Amino acid sequence: MPAQMETSSTAEEIKRKHLPWIEKYRPSKFDEIVGNEDTVSRLSVFSTQGNAPNIIIAGPPGVGKTTTIQCLARILLGDSYKEAVLELNASNERGIDVVRNKIKMFAQQKVTLPKGRHKIIILDEADSMTEGAQQALRRTMEIYSNTTRFALACNTSEKIIEPIQSRCAMLRFSKLSDAQILAKLIEVCQKENLTYEEEGLEAIVFTAQGDMRQALNNLQSTANGFGTITGANVFKVCDEPHPMLIQDMLEHCVQNDIHKAYKILAKLWRLGYAAEDVIGNIFRVCKRMTFDEKLKLEFIREIGITHMKIVDGLNSLLQLTGLLAKLCAISEKS
């Protein structure tokens, strides 16, 4: 018997070793969740009182919405988690049939739970549900309110119909700060015995843009591909325009040198970067640069206008070249 237990624990270790890091380092307790402390503390109050309301958590991708709901469900239900929780991803199960069949059937099931506890239905990507499905869901939420609680995670709460919003406590998550992501990356690097450079971790933070899932994926991809976490390796894996190139280009614009600025832009275009990738990075790099504040505001306004044009479909090299010309003209005036 001990040998059997040893074998199963070894198998568990091997399985864990090959997990994606976003799953391996997914928090299982509230105190492990990074960022959004005020919102998480409100949820921890629900978990101690037991009688949690229906909730909607809205916020950008990769900030821990689903993880937080799972932590709440684990604390409330303990050993009954498996039979008392239904998890659905509404982006692929989004129609009215899912509400009529899966959700209603689960809500009708009898599950023995501690006093004051309820079954929990977790709907991920709830803003992808069709309006018909949402209309059906609001009635289901009322009928089974004695036995079941609903937890919805979404990117934009405006896509959830008002009747559902009024039946739920609304919680909002914001993007994680660079410092919070950096601290987590260092922790994972130490646990995985990775060799890293400060510049490499900063590059991951830059590419993640406040998204912890993206940061851990980029870290694992770089570690698997190159072993060492350096800035150059990160940008090879993430395949984004290098911020140093963008910075050089903007500095040439500040100095009113359109020819040198265009040379860099043409190089980025030849490398095959999409106009949206380039303009997004131009904005992020411009924000971080240190030059005259009034000039920076003028730059950002022009970058924003060009970004709108690119999103509307005018994503050619001509738009980006026009932007460089405008930035040079602004620099000349000032």
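## Conventions

A polar contact is a pair of N or O atoms within 3.5 Å; within protein, one atom must be able to donate a hydrogen and the other to accept it, and residues adjacent in sequence count only if both atoms are side-chain atoms. This is a predicted model, in which local features need pLDDT of at least 70 and side-chain atom pairs count only at pLDDT 80 or more, while totals for chains, interfaces and linings use all residues. Residues are numbered from 1 along each chain as its sequence is written, and side-chain values use heavy atoms, with hydrogens and water left out.

## Overall build

The protein has 17 helices and seven strands. These are DSSP runs, numbered from the N terminus: helices are H or I with at least four residues, strands are E with at least two. The C-alpha trace spans about 75 × 55 × 35 Å along its principal axes.

Of the 334 residues, 46% are buried. Buried means under 20% relative accessible area, exposed over 50%, and partly exposed in between (1.4 Å probe, protein chains only). Among contacts (heavy atoms within 4.5 Å) with a separation of 6 or more, 73% link residues 24 or more positions apart.

## The sheet

Five strands form an open sheet in the order E2-E3-E4-E1-E5, with parallel pairing. Strand E2 (85-89) and strand E5 (169-172) stand at the edges; each has a single partner strand, so one side of each lacks a neighbour in the sheet. The twist averages 15° from one strand to the next. Axes here are lines fitted to C-alpha atoms, for helices over the stretch in contact, and angles run from 0 to 180 degrees between N-to-C directions.

Strands pair if DSSP finds at least two bridges between them. Strand E3 (residues 119-124) and strand E4 (residues 148-154) run parallel and are joined by five bridges. Lys119 stands opposite Thr148 in E4.

## Nonpolar cores

A nonpolar core is a set of buried Ala, Val, Leu, Ile, Met, Phe, Trp, Tyr and Cys residues joined through side-chain atoms within 4.5 Å. The largest has 76 residues. Those with the most contacts inside it are Ile55, Leu185, Leu219, Leu250, Ile282 and Phe299. Leaving aside neighbours within four places in sequence, Leu219 touches residues including Trp21, Leu185, Val188 and Ile229. Apart from this core lies another, of 23 residues, among them Ile56, Leu86, Met129 and Ile164.

Arg284 sits in helix H15 (residues 275-288). Arg284 is buried, at 11% relative accessible area. Its side chain reaches the backbone oxygen of Phe206 at 2.4 Å. Beyond its neighbours within four places in sequence, Arg284 is in contact with Phe206, Thr207, Gln209 and Glu240.

Gln209 lies in the loop between helix H10 (198-208) and helix H11 (212-226). Gln209 is partly exposed, at 36%. Its phi is positive, about 50°, although it is not a glycine. Asn193 also has a positive phi, near 55°. Asn193 is in the loop between helix H9 (178-191) and strand E6 (195-196), and is exposed at 69%. Most residues other than glycine have a negative phi.

## Cysteines

A disulfide is counted when two cysteine sulfur atoms lie within 2.5 Å. The count is zero. The sulfur of Cys71 is 18 Å from the closest cysteine sulfur, in Cys154, too far for a bond. For Cys286 the closest is in Cys253, at 9.5 Å, also too far. Cys71 is buried at 0% relative accessible area. Cys286 is buried, at 0%.
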